[in-house]
Amino acid sequence: MQLFKFEADRERFLVAHGLKRIILSNILECSPQEIPLVFGPGNKPYLRDGQCHFNLSHSGNWIVMMISCETEVGIDVEQPNASGEVPFSMVSHPNDDLHSTLKTAEQQFYASWTLKEAMSKWDGRGLDRPFNEIRLEATSGNTYRGYHEGTIWHARHATLGDGAHIAYASANPLQVFHLAVS
């Protein structure tokens, strides 16, 4: 928490991780303090017994969490910054194929960023994986496949009501997804 430069980011981190414990405690039927967390590669938290997999992200006014009882997952949310700068070189693979519904450079950048960060968070590598080395391939709906070093992910992207972008990813196509917004 102390690694964040701004107080608002530290507070968001604290709230997000508190909510994570509350949600997991309801699923596991234990107190939030008893959640059996261990840390794997990239310091990604896991439940010691592997009962379910989860991932967490926060940006701007958003905190998102994904839980799966079937497979590892990654999720990312990004609130576009006010500067409007979009450093495509950090995120763009020369063979990326994005859905045509993403009209502006900003939409394309944030869709690419959230998809690639969700894919990278799947195994705990997060920002350590060069996003411009992950190739995106648009599939049906708002879904994608991502490719990097022999790994294939399945992912979905959405734009939220205030313009924030959200994406989730897994090695297996996820059939059911419930988005709770409040």
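Two strands are taken to pair if DSSP finds at least two bridges between them. In this predicted model, strand β8 and strand β9 (residues 165-170) meet that condition in the antiparallel sense, over six bridges. Within this pairing, Ser 170 in β9 is the bridge partner of His 154.

These strands belong to an open sheet of five strands, ordered β5-β9-β8-β7-β6 and paired antiparallel. The edges are formed by β5 (73-78) and β6; each has a single partner strand, so one side of each is left without a neighbour in the sheet. From one strand to the next, the twist averages 25°. Helix α3 packs on this sheet and touches β5, β6, β7 (143-148), β8 and β9, its direction making about 150° with that of β5.

Aromatic rings were examined next. The count comes to five aromatic pairs. One of them joins Trp 113 and Phe 131 in an edge-to-face arrangement, with 4.8 Å centre to centre and 65° between the planes. Trp 113 lies in helix α3 (residues 105-121) and Phe 131 in the loop between α3 and β6 (135-138), so the pair ties together parts that are 18 residues apart in sequence. Trp 113 is buried, at a relative accessible area of 14%, and Phe 131 is buried as well, at 4%.

For Trp 122 and Trp 153, the ring centres are 6.1 Å apart and the planes stand at 85°, so this pair is edge-to-face. Distant parts of the chain are linked here: Trp 122 is in the loop between α3 and β6, whereas Trp 153 is in strand β8 (residues 151-159), 31 residues apart. Both Trp 122 and Trp 153 are buried. Ring pairs also link Phe 88, Phe 109, Tyr 110, Trp 113 and Phe 131 into a cluster.

Note on methods. Residues numbered from 1 in each chain as written. Predicted model: local features only at pLDDT ≥ 70, side-chain atom pairs only at ≥ 80, totals over all residues. Heavy atoms only, no water. Phe/Tyr/Trp six-rings, centres within 6.5 Å; stacked < 30°, edge-to-face > 60°. Helix = DSSP H or I, 4+ residues; strand = E, 2+ residues; numbered from the N terminus. Buried < 20%, exposed > 50% of the residue type's maximum accessible area, 1.4 Å probe, protein only. Axes fitted to C-alpha atoms, helices over the stretch in contact; angles between N-to-C directions. Contact = heavy atoms within 4.5 Å.
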